[in-house]
Amino acid sequence: MTILKTEKLKKSFGGVHVARDIDFTLEKGEMHCLIGPNGAGKSSFFRLILGEHRPDGGKILFMDEDITDARSFARIRKGISVKFQVPGIFKALSVHQNLTIAFQNHLHGHDLEATIARVLDFVSLADVATEPAGALSHGQQQWLEIGMAVGVEPKLLLLDEPTAGMSPDETHKTGEMLHELNAQGITILAVEHDMAFVEQIASRVTVLHFGAIFAQGTVSDIIAHQGVAEIYLGGGHGG
Amino acid sequence: MTDISHEKSLVDSAPIARRSRARRWLSHLEGPQTFGSGIAFWTIFVLVVAAACAYPFFADGWTVGNAAYFLVWTFMAMGLSVIWGYAGALSFGQTAFFGLAGYAYGVLTINVGETYGFTFIALVIAVALAGVFAAVLGYFMFYGRIRGVFIGIVTLSVTLVFETFMAQTAGPQWAIGSARLNGFNGMTGMPPLTVPWFGGDIALWPDRPLYYVLLALTVIVYLGLRMLLNSRFGNVLVAIRENPERAEMLGYDIRLYQLLAFVVGGALAGLSGVLYTAWGQYITPNSMGLTAAALPVVWVAVGGRRDITATLIGTLLVLSLFQTLTIYGSQYALVAMGALLVLIVLLAPEGIVLGFANLVDRLTKRRGA
């Protein structure tokens, strides 16, 4: 079943085309990575899906429903969740408050507290639940945001460079978390630069270049693709 | 076989049930969005309210009326705290709602009179008018994606336009029914709040009865706002203040929440406007001018805009300081207020009262650790 589909999606800023007729399909249950050199249009594609940018043309379908004109918050309510590249958390509020705000739209009372406890455990932040989120390490802040994004069991999780600034251990642990979430039925679409991480998590990879889909396939297909190596990997893949 | 389920228990569970009910009520008034919790805080709260109730017995009528004047402004300050401190949108024009409601009360009561408790009906209508105007203005601002400092500029412009308009209404053609708007001299002659009573209405002149009404209103609004700010609604407001993009990406229509906070703040400013007009039986365009618009920002910043208790205490402290300075220093009082705002912004951006409360909290916890 297709969970997300874009048809001829177009967007440009001035003369710069960040999306050129993108036809993209994401199947339910996939762990899909978007890669591409800087300026390829990955983040713009995310922002189009989230409704932060209005497309100049084309359609966005989520679960077969046209959401092209829906506002951002309405898309989130339909089951899309997002984790930004720079941790999008409420730094002055406690970890517990961050999770409360993230889940209170869907849960109340004991269910809310039980879910918060479960997510705190999942993202290994139970010991710092009362600390201000801004006092956490960078990796912990990333995990907190993943926790905020997944506690309400979204259908689709969008991750913009989820391991940016993480240590190798933290990156690996994040990969394990994502596998666990995927096993629970959450479809994942991630923008990522770290090819080792892409290899750890992705079942399929899409390469964007100058706002268009350049190549698509499994990780090994992409690594073996000569054109991809030339535009993105600089002649080889070093992880 | 005897069914014992209906027999009276040997242990009286009523006091336990009452205690847990009281705790449940208290839990609505406490939370991460407001300072103070637990039995110690509420004991102090009850003692302060009791002291405020006893105060008129130890002071003359004029002083009590003056204390009532201070209480008049607390509603506008608490409303600004909701908009600015909690929702993160600095409104520089709360006086527009203050003036609108004040003039509305004047027009209504001068035309209809004060019998059958109409002054209270006029109060409700005028506050609702301020709320509706805040809804219209807020709709264009928040749904028009006006953000940050531009909210302050738009709201300040609105209050200055109101002031300029009202200042040129001196001619006899500027009247609504029998209520003359009276230009820069302001509108006078409206009745005070009047309670219908057997054997004759009771007019609430600025003395003990008005003081008690205002004290009761202050307590009700304060507790009501504590409940609101610790509810899901309050959580969303602080989320918008901290990171609006994230709040929207959690599924909240942030425009709607900001608008609702703005309406609450506008209605409370309107309440202050009505009470001020009823207190002194006059209102002038000055009450919507630049100086008047700046003062609530000073009160709220000095106390601590991010906490409703700090705002309330800070407002009362600054108002009494301002009045003392006005008596002894005339126009220098305004210079002192400006200097106070600059000092607070530079040295204690979280506010004096909130900063002090947080310091005490930290010291208490350290000692307890």
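The legends below describe close-up views of a predicted model, covering the contact of chain A with chain B and the two domains of chain A.

**View 1. The contact of chain A with chain B.** In this predicted model, chain A contributes 25 residues to the contact and chain B contributes 21 residues. About 2,100 Å² is buried between chain A and chain B, and carbon and sulfur atoms account for 54% of this area. On the side of chain A, the residues that lose the most area to chain B are A:Phe73, A:Phe90 and A:Gln104, which together make up 26% of what that side buries.

**View 2. Salt bridges and polar contacts between chain A and chain B.** Two salt bridges are counted between the two chains. A salt bridge joins the side chains of A:Glu145 and B:Arg246, with an N to O distance of 2.3 Å. Eleven residue pairs, both residues at pLDDT 80 or more, are in polar contact between chain A and chain B.

**View 3. The elements and residue classes on the side of chain A that touches chain B.** Two or more residues each come from α1 (42–50), α2 (72–77), β6 (80–83), α3 (95–103) and α5 (138–150) of chain A. By class, the residues on this side of chain A comprise twelve nonpolar, seven polar and six charged.

**View 4. The two domains of chain A.** Domain 1 of chain A consists of two segments, 2–79 and 154–233, whereas domain 2 spans 91–153. A distance of 25 Å separates the C-alpha centres of domain 1 and domain 2 of chain A. Where these domains meet, 16 residues of domain 1 are in contact with 13 residues of domain 2.

**View 5. The area and polar pairs between the domains of chain A.** Domain 1 and domain 2 of chain A bury about 1,300 Å² between them, with 69% given by carbon and sulfur atoms. The count of salt bridges between these two domains is zero. Four residue pairs, both residues at pLDDT 80 or more, are in polar contact between domain 1 and domain 2 of chain A.

**View 6. The side of domain 1 that touches domain 2 in chain A.** With six residues, helix α6 (residues 168–183) of chain A gives the most to this side of domain 1. The residues of domain 1 on this side divide into eight nonpolar, three polar and five charged.

Definitions and conventions. Residues are numbered from 1 along each chain as its sequence is written. Chains are lettered from A and ligands numbered from 1 in the order in which they are written. This is a predicted model: local features need pLDDT of at least 70, side-chain atom pairs count only at pLDDT 80 or more; totals for chains, interfaces and linings use all residues. Side-chain values use heavy atoms; hydrogens and water are left out. Contact means heavy atoms within 4.5 Å. Buried area is the accessible area (1.4 Å probe) that two parts lose on being put together, summed over both. A salt bridge is a side-chain nitrogen of Lys or Arg within 4 Å of a carboxyl oxygen of Asp or Glu. A polar contact is a pair of N or O atoms within 3.5 Å; within protein, one must be able to donate a hydrogen and the other to accept it, and residues adjacent in sequence count only if both atoms are side-chain atoms. Helices (H or I, at least four residues) and strands (E, at least two) are DSSP runs, numbered from the N terminus. Ala, Val, Leu, Ile, Met, Phe, Trp, Tyr, Cys and Pro count as nonpolar, Asp, Glu, Lys and Arg as charged, and the others, Gly among them, as polar. Domain bounds come from an automatic or database domain assignment.
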